[in-house]
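Dear colleague,

I am passing on the structure we talked about, and below it you will find my notes on what turned up in it. Please read them with the structure open beside you.

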There are 2 protein chains.
Amino acid sequence: MGPDRAATKRVTAVDVARSLGLSRATVGFVLNDTPGQTIPESTRQRVLNEAKRLGYHPHSAARALASGRSHIVLLVLPDWPLDYSMRTHLDEASATLDRAGYALVTMVPHPDGQAQPLWETLRPDVVMGMTPFSPREIADIRASGINHVLTPAQREGPLPGEEGLLFADGPRVQVEHLAAQGRRTLAFAAPADPRLAQLSAERSGLAARTATRMPGITWAGDWTIDEGSVATAVAEWLSAGVDGVVAYNDDVAARIVGHAVRTRLRVPDRLAVIGHDDTPLARLFVPALSTIRVDTAGLGRYLAELALSTVNQSAPPVATPEMQAHLVARETT
Amino acid sequence: MGPDRAATKRVTAVDVARSLGLSRATVGFVLNDTPGQTIPESTRQRVLNEAKRLGYHPHSAARALASGRSHIVLLVLPDWPLDYSMRTHLDEASATLDRAGYALVTMVPHPDGQAQPLWETLRPDVVMGMTPFSPREIADIRASGINHVLTPAQREGPLPGEEGLLFADGPRVQVEHLAAQGRRTLAFAAPADPRLAQLSAERSGLAARTATRMPGITWAGDWTIDEGSVATAVAEWLSAGVDGVVAYNDDVAARIVGHAVRTRLRVPDRLAVIGHDDTPLARLFVPALSTIRVDTAGLGRYLAELALSTVNQSAPPVATPEMQAHLVARETT
DNA sequence: ACATCGCACTTGCGCGCGCTAGTCGACTCA
DNA sequence: TGAGTCGACTAGCGCGCGCAAGTGCGATGT
């Protein structure tokens, strides 16, 4: 008779209470394990059973309104192309949060100014960023009533050293591996995509610092690699005596090695190349790319726990050593 | 004095109203453009300005509670590895929804039974799936009070032919291209990942149907390709006279071509291979992989519009021809 | 015998907003 | 002059839930 609204009459806590002859508050106390309430086990079970029987599901919007917490964690992803490893990373973070009753929502900032930033729409309890936010962004987020903003820069304070955890070790391992293979003059191969400029600069910086700290190693600087520039870069490397290349990621490495194969330049004899991320591409390429693997799942879990500790005002998780970068030596070094 | 709750006192519609000496209802009418209300332009502007000045942002949970719509679209992603193209797809869908005031949230079903399916936590207005839901899942979702569930299977009804839109054309184009190149005996190379089994079967089926419909073409069936089986498969193909391979995706194609290169089997002379998805891998590989490119951005937009038309009960969008699969012929065919 | 206390609950407010059902004065029309 | 209309608002309910502040009662203590 009524409009289609009646199509799915939701089951609310009132329904459960009425059907049991109890008050809604009691039902609420049971379902939330509200501390400071004494509920006999018998009642507890009755409520729980009836809730299940009727198919009761708490309404998140109402809960968020009343409690002030949405149980949502918003992760702002970088604008750069999502590499393969990121997916595992997110899956694991999501699963961990889920276990704690939180939902992970991801967003990519829209360059042309997103009409409604997701943190306004969703009102998450925490906003995390994989790259630092600008002060303006932080102000915006805070102004939307979000008290917890977590970015690498923020995290730097309370947890010294954790800042670069996500990517820190890779370039160091790359350089040390090349040096151990007997390479003496190293160059960094950067991607052309401007969105990656900052991260690439970070990786390159760390590689350079590692290299210059090692005796007998010469650091030859950065080259930007794209389809047009790869030939020039390789030529310059050869004439400059570069015998080892630290690539920003596997794509860049593949482009270099691909060019080498086409020009019959022997890899790794004349030029060793190591990538980063251990994408499927690295394993499949001919010759198979040496690269760096990071325990992205572990990192995802860590990230999630960090978010939880923030909302709960509890002690932050400790980073485990397994999260460091691991060398995957294949055919290009 | 009070607890840290006062840290960020939110600006509500009441604040805007009070500061203007108006009632909250008037403010609400202005901010929502509520139909059937006559608001003079002067008042409208006053409200709008004051809202901006005070930094008012509507509280989504409250709005969702009152209006019954969360303005969230939940997209359930397949469990399979996210290929490269998916990212653009999601970005575009997200942007389109955003423009309409909706937020796109994605989730991956957790095999070991997610504690809280995101559709219960989030109460989205629509749940969309990239792969069909099981009847049980649909019942679950419906039971959570969600009236709009959209999956390829569902969409089949109202929009005949649109069902396979997402992936439909690729295999056909692959087969036609190989045939046009003079290949006569074709095989399908399937991935080993069991999560991909269903989708792979669909692609393979369409390829087989296309092939058997063409005169002079022999369809040799499916081979599963992984690191261990690729050698056997290629050997069997050669002895069976297979001269063209339709690969499930670029990864599978790369594995085959990689093996061919290592065993000095000439590609494409002896064996032509075509991939699917046009990942970065395809362009970078040596030899560069022929593949299929799909306008994922367009598809994303289409998907978003489909969701919007569903919640608004309005006419569904029309699929544009640009969304079809495009051949990218490179060196392996 | 009376105050006290812990238990097992219930009453009811408030979260912020959408929206229906008004109110009230200015204006038109007969 | 009175009835009616219309524009510009306001009063206030209800969405479902969390939680503070009770309430009634039997058991315990002195």
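In chain A, four strands make up an open sheet with parallel pairing, in the order S6-S5-S7-S8. Strand S6 (218-225) and strand S8 (272-274) of chain A are at the edges with a single partner strand each, so one side of each has no neighbour in the sheet. On average, and with direction ignored, neighbouring strands of this sheet are turned by 25 degrees against each other. Please keep in mind throughout that this is a predicted model.

Strand S5 (residues 185-191) of chain A pairs with S6(A) in the parallel sense over six bridges, and A:Leu186 has A:Trp219 in S6(A) as its bridge partner. Helix H11 (residues 230-240) of chain A packs on the sheet, where it touches S5, S6 and strand S7 (244-247) of chain A, and its direction makes about 170 degrees with that of S6(A).

Turning to the aromatic residues, the count over all chains comes to three aromatic pairs. One of them joins A:Trp223 and A:Trp237 edge-to-face, at 5.8 Å centre to centre and with 70 degrees between the planes. Because A:Trp223 lies in strand S6 and A:Trp237 in helix H11 of chain A, the pair ties together parts that are 14 residues apart in sequence. Both A:Trp223 and A:Trp237 are buried.

In chain B, the ring centres of B:Trp223 and B:Trp237 are 5.8 Å apart and their planes are at 70 degrees, so this pair is edge-to-face.

Key:
Residues are numbered from 1 along each chain as its sequence is written. Chains are lettered from A and ligands numbered from 1 in the order in which they are written. This is a predicted model: local features need pLDDT of at least 70, side-chain atom pairs count only at pLDDT 80 or more; totals for chains, interfaces and linings use all residues. Side-chain values use heavy atoms; hydrogens and water are left out. Two strands pair if DSSP finds at least two bridges between them. Helices (H or I, at least four residues) and strands (E, at least two) are DSSP runs, numbered from the N terminus. Axes are lines fitted to C-alpha atoms, for helices over the stretch in contact, and angles run from 0 to 180 degrees between N-to-C directions. Contact means heavy atoms within 4.5 Å. Rings of Phe, Tyr and Trp (its six-membered ring) pair if their centres lie within 6.5 Å; planes under 30 degrees apart count as stacked, over 60 as edge-to-face and the rest as tilted. Buried means under 20% relative accessible area, exposed over 50%, partly exposed in between (1.4 Å probe, protein chains only).
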